[in-house]
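Subject: Structure handover

Dear colleague,

Here is the structure I said I would pass on. My notes on what was found follow below.

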Amino acid sequence: MKQDSTDKDFREVLREELFKIASIESKKGDFSNSIRQCVETHCPDSLFRYRQYTDNNLDAFKEDKMYLATPASQNDPYDNLYFFDDFMLDLVRGNMEFIENNPNHGLAQNKELIDVAVEFLQHAVIVACYTDKYDSMLMWSHYAQNHEGYLLEYSKDDIVNTGVDLFPVLYSRERYNACRTINYMVRNAIAYFHPNIPHLQELRKIIERRKPSEYEKIISGMVKSPDWSYENEWRHIQINDILNTAPKFIEDITPIAIYYGSKMADEDKDQLHEIAQSKGIKEYQMYVDFASSEFALERKEL
């Protein structure tokens, strides 16, 4: 189930198109239909979610819900962590004359503002994560309680019609440079907190007219290190309403199959089986074939 060259080409084309759009001052509502169609065309027929056996996951399965989480809650410390460099620091400082003229607003405080902006932006999107692999030994170990959990299979038709944009994760050795977004946030924040400095308020008007594209938030949530490429991940990505702290989720999305981990406890499996039967979905048991010469997980339909 390796990523083939066609899929790699598709991801490279998608990367170029998205980066091009992100460089334009546009709003999320201007999202290109051609990109949506491209993603839909290359999306696998099924995508999978590895799950731990927890009360929250059990309730979501019962209610046909899929919770969206911030990348900051994921297991990758760089997930949606915005990149900035010394050039960006100099750019911010150079555009704020008062920083140099007022000791209380030096580079240290400016860098602190940047740190706050980076932390804020890591929560700027919410995601639901998938893979195209149901038989990954590592993912069963990492995301499904060492094979004691389960996996849900979703159809392409259901996934692309949730109302939340779907993207493949783009694997790169270089982090996405979102200095433009951080620069905007820091400058705007400084101007906002210093309303008595006239030229800053004029600058703030200019800043607002040069507001970066919402696509930068989306792209930053798509780019991960190649160390994670074995997951061949896909994501639903949505701009997060940070002020609304209520749980966010996709509703009315029913899996088409459930896979029970090779080490799942019988009592947990019985409870999941009851829910699966009520939904009329397929059930599979993952198992280790002791007679096989390969390190592979197998499945059998129940």
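Which residues in the largest nonpolar core touch the most other members? They are F61, Y130, W234, I258 and L272, in a core of 38 residues. Please keep in mind that this is a predicted model. Strand β3 (residues 125–131) gives the most to this core, with 6 residues. Another core lies apart from it and has 12 residues, among them Y50, W140, M286 and L297.

Some totals for the chain come next. The secondary structure comes to 12 helices and 12 strands. Of the 302 residues, 46% are buried. The accessible surface is about 16100 Å², and carbon and sulfur atoms account for 47% of it. Among contacts with a separation of 6 or more, 81% are between residues 24 or more positions apart.

Aromatic residues

The structure holds 8 aromatic pairs. One of them joins F61 and Y150, a tilted pair with 6.4 Å centre to centre and 40° between the planes. F61 lies in helix α3 (residues 55–63) and Y150 in strand β4 (residues 150–155), so this pair ties together parts that are 89 residues apart in sequence. F61 counts as buried at 2% relative accessibility, and Y150 counts as buried at 1%.

Y67 and F249 form an edge-to-face pair, with 5.5 Å between the centres and 70° between the planes. Y67 is in strand β2 (residues 66–68) and F249 is in strand β9 (residues 248–250), so the parts tied together here are 182 residues apart in sequence. Y67 is partly exposed, with a relative accessible area of 37%; F249 is also partly exposed, at 30%.

Ring pairs also link F48, Y134, Y259 and Y284 into a cluster. Y284 has a charged neighbour as well: the charged end of R299 sits over its ring, 4.8 Å from the centre. K300 lies over the face of Y287, 5.7 Å from the ring centre.

Salt bridges

Side chains of opposite charge can pair when their charged atoms come close. The count here is 6 salt bridges. D79 and R235 meet in one of them, at 2.5 Å from N to O. D79 lies in the loop between β2 and α4 (86–94) and R235 in strand β8 (residues 233–239), so the pair ties together parts that are 156 residues apart in sequence. Are these two residues buried or exposed? D79 counts as buried, at 0% relative accessibility, and R235 counts as buried, at 1%. D79 and R235 also belong to a network of salt bridges that includes K224 and E233.

R173 forms a salt bridge with D227, with the closest N and O atoms 3.6 Å apart. This pair links distant parts of the chain, 54 residues apart: R173 is in the loop between β6 (170–171) and α9 (179–193), and D227 is in the loop between β7 (223–224) and β8. Both R173 and D227 are exposed.

The side chains of K65 and E63 meet in a salt bridge at 3.3 Å, N to O. E63 counts as partly exposed, at 42% relative accessibility.

One further residue

I35 has its place in helix α2 (residues 33–42) and is buried, with a relative accessible area of 4%. I35 and E17 are 18 residues apart in sequence and 7.9 Å apart in space, C-alpha to C-alpha.

Regards

How values were computed
Residues are numbered from 1 along each chain as its sequence is written. This is a predicted model: local features need pLDDT of at least 70, side-chain atom pairs count only at pLDDT 80 or more; totals for chains, interfaces and linings use all residues. Side-chain values use heavy atoms; hydrogens and water are left out. Rings of Phe, Tyr and Trp (its six-membered ring) pair if their centres lie within 6.5 Å; planes under 30 degrees apart count as stacked, over 60 as edge-to-face and the rest as tilted. Helices (H or I, at least four residues) and strands (E, at least two) are DSSP runs, numbered from the N terminus. Buried means under 20% relative accessible area, exposed over 50%, partly exposed in between (1.4 Å probe, protein chains only). A charge sits over a ring if NZ of Lys or CZ of Arg is within 6 Å of the ring centre and within 35 degrees of the ring normal. Contact means heavy atoms within 4.5 Å. Accessible areas come from the Shrake-Rupley method with a 1.4 Å probe; for residues, only the protein chains shown count as cover. A nonpolar core is a set of buried Ala, Val, Leu, Ile, Met, Phe, Trp, Tyr and Cys residues joined through side-chain atoms within 4.5 Å. A salt bridge is a side-chain nitrogen of Lys or Arg within 4 Å of a carboxyl oxygen of Asp or Glu.
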